[in-house]
There are 2 protein chains.
Amino acid sequence: MIVTIRDVAKKAGYSITTVSRALNGFDDVNEETRAKIMAVAKELNYQPNRVARSLVTKTVNTIGLFVLGRSSFQQGFIADLVSGLIDEASTHDFDLLIFGTQSLKAGLPFQQLCHQRGVGGAVITGLKITDPIIAELEDSPFPTVLIDVPINGPKATYVTFDNQKGMVQALDHLYDLGHRKIGFINGHLEAWVCRERLAGYKKGLAKHGLTYNKAYVYNGNFSKESGRAGAKELIKKNPELTALMVASDLMAAGALEELTAMGYALPEDLSLVGFDDQTFAALTSPALTTIKQDEYLLGRLAAENIIKLINDPGYLPEIKTLTTNLVIRQSTGPVKS
Amino acid sequence: MIVTIRDVAKKAGYSITTVSRALNGFDDVNEETRAKIMAVAKELNYQPNRVARSLVTKTVNTIGLFVLGRSSFQQGFIADLVSGLIDEASTHDFDLLIFGTQSLKAGLPFQQLCHQRGVGGAVITGLKITDPIIAELEDSPFPTVLIDVPINGPKATYVTFDNQKGMVQALDHLYDLGHRKIGFINGHLEAWVCRERLAGYKKGLAKHGLTYNKAYVYNGNFSKESGRAGAKELIKKNPELTALMVASDLMAAGALEELTAMGYALPEDLSLVGFDDQTFAALTSPALTTIKQDEYLLGRLAAENIIKLINDPGYLPEIKTLTTNLVIRQSTGPVKS
DNA sequence: AACATTATCCAAAACGTTTTGGATAATGGG
DNA sequence: CCCATTATCCAAAACGTTTTGGATAATGTT
C-alpha cells in the first residue's frame, strides 16, 4: 500500500542509497541503473515521504497562513486570497497550512509554533497596526509576509494595494461629475489601509483644490451598521454634501440603505462610492461604483514573496503594492444643479 | 534557538528517553524527576517536533481540505467552511492543509498525495456527482468526508444540509402568501444539492396539492447570468407565474435584475426566494427571502467527523445533515389578486 | 608490475522523536 | 540470607529519507 524507498530498492536490486541518489539526480549513478530505478519507482508510484525528507534536509515547503480574528473570515476577500496563495504555492511545490486566531492564543511563541508544525514562513492577515507581534517579526530571521500592514525587516515584508491611488481615482471621478462637497466614511484607524484611504481622500481633495474638512469624515468599523450610522450622521450634520466615499463595500451597502430610507435617490440626489469591489457591489440597487482590488493576485504575490524569503538566503524583501481600479456602476452620477 | 529534546535532556540531567517518557505521561518516571524535566522543558519553550513524532508514531494530525474548481472559491461559503474547520480542528490539536484542483491534476494517486503530505484524512468540496474519484473513495481505508455529495463507505461519509426541507419551507411560505403558480430556477444537476432542491420543490408542491409542471423549472449553472436567463425564460413562457424559487442567492440576484428590467415590482408583482443566505442577500433591493445554511457549523461538523474517522478505528461513519432556516425578507409578499 | 584515477556502488550516520527491552539498585517476603 | 518484585533509569532500535565517507573493481599511465 504505502511504498517506501526500501520497497523500491528491493525491487530494483540496489541499496536505498543508490535509489535515493538516482532519484535525486546525483551523478555517481550509472545511467542505466538510474533508468531502471526510476522505472521501478514509477511502477510502484513511489513518492518520497516529505515528513521524513524534511527531517533530514531541514528544508520546508509549507507556508502558514494566519487569519486573525473571526471577522477576517467574513471579509469578502479571504477566499480569493487563499485561492491565489494555493495556486502560486502549488507551482513551487509548496503547501498551505491555515491557522486561525486560537493557534496564537495558546501562548506558544510564534516561531516555535511554526517550527513545530513544519512551517517555513508565514503570511498573516487581520493584523491591527497596534499588534505587538509586528515588532517581534520585524527583526526575526523567520520569513514573514504581512497582508495590508507595513513591515520591513531582513526577512519580513508586506503586500498591499495602492489605497491612496484608489481613493484619488474615486475622488477624481466624483470631481469630474461636478461634486465639490464630498464626505468620507472610513473604517477604524487600527487598520493600516484606513490610514491610507484617509490619506488618499485628503490627497484627492488637495489635488482638486478642495479643502479637507474634518467634519466630513466619519470613522466606522467596517460593519454594515457603521456604514448606516456614518451616512446618517454625515448627511444630518452636513446636508450640503453631494457625494459620499466609503472605505468598504459593506459599509457602502449600509450607507445605501440609510440614504434610501432617508428619501435620497441615488445617484440623482447623492453619489456613493465603495471600496473593494466585493461580489455584491454589482448586486445592490443601484449597483455600487467602487474601487476594485484583485485579492487573488495579492494572494499569488504574497506566496511568491514568502517562497523567495524561505528559499533564497540572499533575497532582499521587496514591498509589493498592487494597483487598484475604479469600477464605475450606477451609484455615481452628475451633481444635481 | 530551536530547542530539541536533547537540549532538555542535557539541561535536566537525564537521558532523552527519560525526558520523552516524562513529558508523555509514562508512569515509570519518578514524579520529582518528571517535575524537574517539565520545568526545564517549559523554561526552554520546548515543543516536540511534530514532523519527527509523526514519523515514529505514524499518527497524523493534519486534515487535508480539497477545494475543487476555481469557481468553488467564488461561492460565498468557502470562508465560513474553512473557519469552522479550523476552529474544530484546533480544539482537537489538528491542523488544516488546503489544496486546490492542481494538486489532483498532477496524476498522483489521491492517497499517495495525502500520505506524502502527512495528511491523515480529507474533506472534499466542489465534487460533481459524476466525478470518478467518489467511487474510488467509497471503499478506501483512507478517511474521507465529502461536502454536499453523498458517499457511504467504511471510512467515508458526508455532511450536508437538508436541502429538501429548505425547499419545502420556502414553498410553504409562498403557499401561505397565496401563491399557486411557482417557478423554480435550479443549478446544474451534476451538483447533488440541485437534485435535492428539485426533489424538495416537488415535495413542497405535492404537499399542497399543487401539480409539478416541468415547464416551470429552469436549469441554470449557479451564475448570476443564468439567474437572469432563467427568470426571463420562465416568465416569458409562463406569465401566470406569481413566484420564483431559485437554487442560489447569486442566481436570485440575477433573476431580480431581470425581473426589475422587465418592469416587475417585487414583491408586489412577483415574489422571489433565494437559497444560501449569502451576505449580499440582505443587501439587494428588495432584500432576499432565502434559505439559510450555516456553513461555519458545517465546517465544524466535517472536521469533527474526519477527526473521528482518523482517530478511532471502530468509529462507524455517520451522515450528518444540518437543518436549514427560512429567512423572510422583502422579496416575498402576498400574491396580487 | 605498480600506482593513480575513475566509476559506481553501499554501510553508516544523521535528522528529532518515541518505544522496546533491558539493567540495576533497592526493598520486601519467605 | 536468598530470591522475587518493584522503581527508575537508559541504550538501542525504529520511523523514511538524505548524505557522508568510504570500498572496490576497472582502467589508464608510467
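Which residue lies over the face of B:Tyr175? In this predicted model, the answer is B:Arg180, placed at 3.6 Å from the ring centre.

A pair of aromatic rings is described by the distance of the centres and the angle of the planes. Over all chains, the count comes to twelve aromatic pairs. One of them is formed by A:Phe66 and A:Phe110, a tilted pair with 4.9 Å from centre to centre and 55° between the planes. This pair links distant parts of the chain: A:Phe66 belongs to strand β1 (residues 62-67) of chain A, while A:Phe110 belongs to helix α7 (residues 110-116) of chain A, 44 residues apart. A:Phe66 counts as buried because its relative accessibility is 0%, and A:Phe110 is buried too, with a relative accessible area of 3%.

In chain B, B:Phe66 and B:Phe110 form a tilted aromatic pair, with 4.9 Å between the centres and 55° between the planes. B:Phe66 lies in strand β1 (residues 62-67) of chain B and B:Phe110 in helix α7 (residues 110-116) of chain B, so this pair ties together parts that are 44 residues apart in sequence. Both B:Phe66 and B:Phe110 are buried.

Definitions and conventions
Residues are numbered from 1 along each chain as its sequence is written. Chains are lettered from A and ligands numbered from 1 in the order in which they are written. This is a predicted model: local features need pLDDT of at least 70, side-chain atom pairs count only at pLDDT 80 or more; totals for chains, interfaces and linings use all residues. Side-chain values use heavy atoms; hydrogens and water are left out. Rings of Phe, Tyr and Trp (its six-membered ring) pair if their centres lie within 6.5 Å; planes under 30 degrees apart count as stacked, over 60 as edge-to-face and the rest as tilted. Helices (H or I, at least four residues) and strands (E, at least two) are DSSP runs, numbered from the N terminus. Buried means under 20% relative accessible area, exposed over 50%, partly exposed in between (1.4 Å probe, protein chains only). A charge sits over a ring if NZ of Lys or CZ of Arg is within 6 Å of the ring centre and within 35 degrees of the ring normal.
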